[in-house]
Amino acid sequence: MFDVTTKSMKWGEETLTLETGKFARQADGTVIATLGETTVMANVTFAKEAKPGQDFFPLTVHYQEKYYAAGKVPGGFFKREARPTEKETLTARLIDRPIRPLFVPGFKNEVLVMCTVLSHDLVNDPDIVAMIAASAALTISGVPFMGPIAGCRVGYVDGEYVLNPDVEDMQDLRLDPEQRLDLVVAGTRDAVMMVESEAYELSEEEMLGAVQFGHEQLKPVVDLIVELAESAAKEPFDFQPPDYTDLAKRVRELGEEKMRAAFAISDKQERTTAIAEARQAVKEQLTEEELAHENLGDAFKKLESSILRGDIIGGGARIDGRDRETVRPIVSEVGLLPRTHGSALFTRGETQALAVTTLGTGDDEQIIDALHGNFRASFLLHYNFPPYSVGEVGRVGPPGRREIGHGKLAWRALQAVLPAPTEFPYTIRVVSEITESNGSSSMATVCGASLSMMDAGVPLRAPVAGVAMGLILEEDGRFAVLTDILGDEDHLGDMDFKVAGTEKGITSLQMDIKVAGITADIMRQALSQAKDGRMHILGEMNKALSSAGEFSVHAPRIETMQIPVDKIREVIGSGGKVIREIVETSGAKVDINDDGVIKIASPNGEAIQRAYDMIHSIVAEPEEGKIYKGKVVKLVDFGAFVNFFGKRDGLVHVSQIANKRLNHPSDELKEGQEVWVKLLGFDDRGKVRLSMKVVDQETGEEIKQPEKAEG
């Protein structure tokens with residue numbers, strides 16, 4: 001019944017296996033990829049003809065983590081997988097970015113790639129396995145795909161690069177001082193196509209070395225996919241790229257002069273209007289047949305690309321008059337919004353980000369239900385890109401894949417400089433509102449978020465800045481690396497290369513390549529140029545703020561205290577009774593974790609102190625020789641019982657009440673009376689012995705006893 005083909009290889013410490021022929025036989029291509037005991041199924045289907053008038057390539061990539069893969073039942077009310085999680089969305093983008101440029105130019109049939117995690121061993125991250133499975137499924141499906149690609153994850157410990165580190169090792173670089181890098185690299189056998197990373201202030205050479213290491217490690221996987229395709233690939237789909245040479249020539253003849261004049265305009269809005277007018281002028285001179293041509297949009301793009309690229313490669317100025325290495329003018333402002341905890345407005349040319357920081361307590365942490373376990377996130381960064389930022393109208397709804405991806409990139413750039421949770425026990429949420437955009441709003445978010453957090457009083461280890469680099473690479477080998485690219489330079493160029501970091505090193509790198517053939521020398525120049533740009537931007541940011549400012553008066557104050565783990569139950573009480581009483585009495589929020597770390601939060605310092613004292617009285621032990629203020633709770637013939645330390649009572653013997661003889665304790669005391677007592681010690685049965693007569697009952701000071709005469 002099944003015609004199964006299986007290929008395996010040793011990859012790092014695990015065995016990688018690719019299998020096809022048993023599952024989903026009606027899909028155009030299906031591959032089951034297994035690394036260790038992590039298994040992902042990738043299914044590829046594609047339409048056999050394009051929709052009429054289709055002017056873009058409709059590729060859709062889905063990545064799904066099934067909870068059964070890790071032997072878990074989904075949380076929530078419905079108990080089934082619902083909308084994509086952040087991890088699923090980011091992984092779908094991770095797979096999409098390196099495969100999209102490798103479809104044959106002109107192919108506009110709809111393509112669907114679905115990756116489903118079937119098993120997760122909690123060691124090998126399924127995102128890399130999914131990328132390999134998707135590439136293999138595309139390669140055997142017959143779709144016009146110029147792959148295969150492969151991907152791998154790279155870590156960096158003690159100066160050594162590590163292939164595919166365990167999931168647990170990469171969970172939070174802040175909590176593992178030995179692990180300094182989480183990098184994913186994808187590419188063909190000949191070229192790197194995509195890089196995504198978060199790092200702990202690596203140098204440019206260390207980062208370049210990680211990319212080269214990753215590329216070398218993925219080459220055998222590409223060979224394995226080719227080996228599978230040689231045995232199991234379907235016949236290639238009969239697709240011939242449409243020839244629109246004559247149309248492109250006609251568009252150039254009619255529109256080059258006006259289009260070149262439009263690209264000479266430096267203002268984005270004016271340039272966009274002029275380009276639209278130039279296009280319309282060309283269309284008015286085209287025949288009905290030419291207007292209906294499915295590649296008319298490609299012809300216009302080819303003209304625009306040749307103008308922009310030709311001017312730069314030829315040594316001319318860029319669209320806005322800059323040379324290749326100049327960063328656009330920058331203005332940084334902080335403290336704009338009076339009631340927020342921290343705010344900053346970062347403007348670079350026609351790109352602007354309003355970043356706002358809010359400080360919360362442990363109750364505000366995000367609980368994340370992942371395949372490899374539940375954990376809490378105390379640093380959140382959310383990125384919003386409304387239509388007005390580019391002067392357009394459009395639908396406004398929940399964040400899309402692009403917004404989630406850009407927000408995560410900025411999050412990665414900043415995570416390395418955050419203070420440790422023990423030093424700064426706050427939940428930090430940063431929201432970046434992109435109010436203008438003309439190139440690299442994600443890097444503006446990094447700069448704005450860094451300033452905003454410092455404005456809120458967050459003690460960052462160092463400010464972080466980001467810059468987007470571009471590339472124009474011609475077939476004859478000539479190339480130009482561009483610093484701080486505009487939107488058009490990104491759209492019509494060959495590379496989007498984003499680098500963020502401190503003065504000390506790189507904290508995040510993201511690279512997307514649209515052409516094969518990016519060499520190590522080109523990457524080295526891009527990294528060097530990016531460093532110069534980053535240092536310039538940091539200098540401009542420092543004019544507004546270079547370190548943490550004053551803590552906002554509107555933010556909650558949080559104090560932490562550590563208690564023994566065996567005392568947690570006493571602080572919480574039966575059914576939470578004790579901790580509820582502490583919260584109600586003190587007016588402060590109290591959060592306890594399993595390690596005995598208690599966070600006490602309130603805008604009122606007195607409320608924090610009250611809660612601290614109440615907790616301390618529960619968990620602390622009375623010290624021999626110390627004086628305490630207590631209350632008489634019971635009188636008996638032989639003395640008085642005094643509540644002096646939390647709920648601890650002790651006996652003041654009748655002989656220790658006063659420096660005179662008493663017939664009964666009631667001669668001197670009454671129940672409910674407040675007194676000062678000194679803890680003399682504990683008797684053989686562990687009972688507390690207290691004394692009043694050695695303490696001045698007015699001042700609470702110890703009465704010095706006369707020294708006994710010698711001899």
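**Reading salt bridges and their surroundings**

Tutor: A search over the whole of this structure, which is a predicted model, finds 43 salt bridges. As a general idea, side chains of opposite charge can pair when their charged atoms come close.

Student: Which residue does the side chain of D127 meet in a salt bridge?

Tutor: The partner of D127 is R153, with an N to O distance of 2.9 Å. This pair links distant parts of the chain, since D127 belongs to helix α2 (residues 126-141) and R153 to strand β7 (residues 150-157), 26 residues apart.

Student: Which residue forms a salt bridge with R153 at 2.8 Å between the closest N and O atoms?

Tutor: That residue is D182, whose salt bridge with R153 has its closest N and O atoms 2.8 Å apart. Because D182 lies in strand β9 and R153 in strand β7, the pair ties together parts that are 29 residues apart in sequence.

Student: Is R153 buried or exposed?

Tutor: Buried means under 20% relative accessible area, so R153, with a relative accessible area of 9%, is buried. D182 counts as buried at 12% relative accessibility, and D127 is buried as well.

Student: Where is N164 found, and what does N164 contact beyond its neighbours in sequence?

Tutor: N164 is found in the loop between β8 (160-163) and β9 (181-187), and at 15% relative accessibility N164 counts as buried. Leaving aside neighbours within four places in sequence, N164 is in contact with W11, L35, I128, C152 and R153.

Student: Which residue meets K599 in a salt bridge?

Tutor: The side chain of K599 meets that of E365, at 3.8 Å from N to O. Here the linked parts are 234 residues apart, with K599 in strand β24 (residues 597-602) and E365 in the loop between β13 (351-360) and β14 (366-370). Both K599 and E365 are buried. Elsewhere, salt bridges that share partners join E65, K87, D125, D127, R153 and D182 into one network.

Student: How is the protein chain divided into domains?

Tutor: The division gives domain 1 (5-232), domain 2 (245-314), domain 3 (330-544), domain 4 (557-619) and domain 5 (626-691). Taken over C-alpha atoms, the centres of domain 3 and domain 5 are separated by 65 Å. An unreviewed UniProt entry lists residues 625-693 as "domain: S1 motif"; this span is 0% helix and 52% strand, and its end C-alpha atoms lie 14 Å apart.

Methods
Residues are numbered from 1 along each chain as its sequence is written. This is a predicted model: local features need pLDDT of at least 70, side-chain atom pairs count only at pLDDT 80 or more; totals for chains, interfaces and linings use all residues. Side-chain values use heavy atoms; hydrogens and water are left out. Domain bounds come from an automatic or database domain assignment. UniProt positions are given in the numbering used here, feature names are shortened, and annotations may be inferred rather than shown by experiment. Helices (H or I, at least four residues) and strands (E, at least two) are DSSP runs, numbered from the N terminus. Buried means under 20% relative accessible area, exposed over 50%, partly exposed in between (1.4 Å probe, protein chains only). Contact means heavy atoms within 4.5 Å. A salt bridge is a side-chain nitrogen of Lys or Arg within 4 Å of a carboxyl oxygen of Asp or Glu.
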